[in-house]
Amino acid sequence: MNTLSEVGSAQLTTGRTGSRSGRLRLVDYLDEKRVITDLRGATCDQVLREMIATFGDHPRVLDPEVFGAAVFAREAQASTAVGGGLAIPHARTDAVTDFVAALGRSRDGVDFGSPNGPVRIVVMMGIPSHRLKGYLRMLSHLSYIFKRPGLVEDLLEAPDPVAVLALLRRHEG
């Protein structure tokens, strides 16, 4: 899946979510430690390493090295840039026990090797291997929320991780 419309066409299915309301929300899988408001990496590989490092102490990541290797293996298959300045590097792996997520932003943009242009917002996810339906639901949800007018621009202007999380809560309801 390489465009937001292709990601958005993934059929939503029922399944366990991180939200108490039963709705799937990215913000339910993020915390301040996994929001990087100023990515330092200038290349896709550097950005991936920087974001993978945020999972080192995550309670749902059993092995950060295995998780990182799975993210790099997935990125080697095809760019996870989906257009609109967004990339969603991800891995389905048994190195995580439940969904995990991190969000990073680059004001200058990073080349993810895609014709879609530079990436400014990166949402990294880890998904247990057996959670295919949940994986498709999350990709569809991300496509939906990042198509909302102003979200990317607002995220780029948010002063800190707390503000990023507040914006996501507002946009995700």
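**Charged side chains**

Tutor: Arginine 34 is buried, with a relative accessible area of 3% (buried means under 20%, exposed over 50%, partly exposed in between, using a 1.4 Å probe and protein chains only). Keep in mind that this is a predicted model, where local features need pLDDT of at least 70, side-chain atom pairs count only at pLDDT 80 or more, and totals for chains, interfaces and linings use all residues. Residues are numbered from 1 along each chain as its sequence is written, and side-chain values use heavy atoms, leaving out hydrogens and water.

Student: OK, which side chain meets arginine 34 in a salt bridge?
Tutor: Aspartate 57, at 3.2 Å, N to O. A salt bridge here is a side-chain nitrogen of Lys or Arg within 4 Å of a carboxyl oxygen of Asp or Glu.

Student: What parts does that pair tie together?
Tutor: Arginine 34 lies in the loop between α1 and β1 and aspartate 57 in the loop between α2 and α3, so the pair links parts 23 residues apart in sequence. (Helices are DSSP runs of H or I, at least four residues, and strands are runs of E, at least two, numbered from the N terminus.)

Student: And lysine 33, buried or exposed?
Tutor: Exposed, at 52%. Lysine 33 also meets aspartate 57 in a salt bridge, at 2.3 Å, and Asp31, Lys33, Arg34 and Asp57 are linked in a network of them.

Student: New topic: where's glutamate 172?
Tutor: In helix α6, residues 161–172. Its side chain reaches the backbone nitrogen of leucine 26 at 2.6 Å.

Student: How many salt bridges are there in the whole structure?
Tutor: The search finds 6.

Note on methods: A polar contact is a pair of N or O atoms within 3.5 Å; within protein, one must be able to donate a hydrogen and the other to accept it, and residues adjacent in sequence count only if both atoms are side-chain atoms.
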